[in-house]
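Q: I have a model open and want to talk through how the inside is packed. Can we go over it piece by piece?

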Amino acid sequence: MLYDPQLHERLTATPWEAARVKDAIARIVADVDAAYDADAFWAAHEWDGWQAAMPLKNLYVGAAGVVWALDQLRDRSGAETALDLPNAARRALDRFRAEPDYVAGETLPPERRSGLLCSETGILLVAWRLQPDGALADDLLELVRRNVGNETNELIWGVPGTLLAARAMAAWTGEQRWRAAVRESEDALRDARDEDGLWTQRLWGATFRSLSPPHGLVGNVTALGEVGNAAAILRERAVRVDGRVNWFDDDERLQWCVGAPGIVAHAAEYLDQDLLLGAAELIWEAGPKSDEKGAGICHGTAGNGYALLKSFDHTQDDRWLERARAFAVHALEQAERMPRYSLFTGGLGAALFAADCLAARARYPLLDGF
């Protein structure tokens with residue numbers, strides 16, 4: 001078995017209609033606006049906020065991710081927020097500094113403040129982007145440089161995440177200090193790569209190696225911009241059954257954060273064509289993620305849909321665009337049925353995916369650029 005059917009459900013019968021999709025995106029944005037509280041930000045889903053200090057402020061499931069997504073949706077779909085986004089971002093930064101929203105009892109790396117998705121770097125980056133400020137840039141550069149040498153070689157906490165942040169700042173500012181920070185982070189990530197082409201993670205009190213975008217090979221390759229022998233590793237590690245393909249870190253999951261969707265979404269340019277198509281067919285045949293997993297881009301329907309949209313990007317076969325759009329409609333319906341206010345696990349990620357389907361262009365949040 002290449003995946004667990006209980007984590008998937010039947011695709012909606014609602015057809016793709018561009019006007020209806022734009023309206024759904026606008027409704028999600030309006031709901032996010034209405035749910036905002038200047039002190040509490042947005043109510044956290046039980047799973048997102050498990051044992052974390054409230055309110056959530058981070059980029060992954062907190063206020064910074066919501067603010068970034070609202071800003072992006074103005075450009076990608078024309079859906080206008082009524083919120084003062086720069087103010088919301090600065091408030092999130094101040095609240096995080098007063099009380100970081102780390103999960104209680106979780107073993108984190110010494111340089112935990114430098115984490116992109118779940119710590120201060122991501123919040124600083126959003127705050128600076130919305131309202132550039134020299135002090136914010138200085139603080140961000142310090143966190144990026146302090147993260148060099150982090151033994152957590154993955155996107156959420158380690159150098160791959162801060163390398164993406166440094167690349168963004170180098171592009172936005174053109175400053176030499178950011179170009180130097182990029183080179184320094186590249187060297188560190190390159191040096192940390194094992195001889196066989198993978199990276200070893202030391203996180204949560206465990207040591208492991210992964211292929212996934214958030215925790216391993218394809219995310220690190222995306223950040224570094226050097227493929228190396230990644231194509232050969234993915235060819236060797238692929239699990240094939242009747243022409244369908246998945247990759248396992250530990251079990252038969254089929255979602256962006258573990259399995260074929262994340263591999264296809266970020267390795268399409270160097271993945272063997274038969275593996276790409278076999279994985280994409282498996283994602284389509286499995287169907288959308290169930291309501292238990294939700295609409296989001298991490299382990300939900302939109303995350304799997306990005307693999308279908310990347311397959312269209314790579315092959316220019318309209319069949320994959322049609323399938324991605326079918327997943328987008330399903331994800332939007334899930335998001336409206338079960339509101340959840342976060343970038344990676346909620347409706348805003350689904351809205352960004354739907355906007356990308358409107359443009360027929362795959363731009364997975366953060367990894368494909370800020």
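Q: What should I know about the model before reading numbers off it?
A: It is a predicted model, in which local features need pLDDT of at least 70 and side-chain atom pairs count only at pLDDT 80 or more, while totals for chains, interfaces and linings use all residues. Residues are numbered from 1 along each chain as its sequence is written, and side-chain values use heavy atoms, with hydrogens and water left out.

Q: How many residues does the largest nonpolar core have?
A: The largest nonpolar core has 133 residues. Such a core is a set of buried Ala, Val, Leu, Ile, Met, Phe, Trp, Tyr and Cys residues joined through side-chain atoms within 4.5 Å. Buried means under 20% relative accessible area, with a 1.4 Å probe and protein chains only.

Q: Which residues have the most contacts inside it?
A: W42, L117, L234, W247 and F344. Helix α13 (residues 318-337) gives the most to this core, with nine residues. Helices here are DSSP runs of H or I, at least four residues, and strands are runs of E, at least two, numbered from the N terminus.

Q: What does L117 touch?
A: Leaving out residues up to four places away in sequence, L117 touches N58, L59, Y60, L155, I156, F344 and L366. Contact means heavy atoms within 4.5 Å.

Q: Switching to rings, how many aromatic pairs are there?
A: The structure holds 14. Rings of Phe, Tyr and Trp (its six-membered ring) pair if their centres lie within 6.5 Å; planes under 30 degrees apart count as stacked, over 60 as edge-to-face and the rest as tilted.

Q: Are W256 and Y364 stacked or tilted?
A: Their centres are 4.8 Å apart and their planes at 10°, so the pair is stacked. W256 lies in the loop between β4 (244-246) and α10 (260-267), and Y364 in the segment after α14 (347-359), 108 residues apart. Both W256 and Y364 are buried.

Q: Which aromatic cluster are they in?
A: One formed by Y60, W256, Y306, F344, F353 and Y364.

Q: Now α1, which of its residues are buried?
A: V21, A24, I25, I28, V29, V32 and D33. They pack against α2 (63-76), α13 and α14.

Q: And how do β1 and β2 pair?
A: Strand β1 (residues 200-203) and strand β2 (residues 206-209) pair in the antiparallel sense over four bridges; pairing takes at least two DSSP bridges. T200 stands opposite R209.

Note on methods. Buried < 20%, exposed > 50% of the residue type's maximum accessible area, 1.4 Å probe, protein only.
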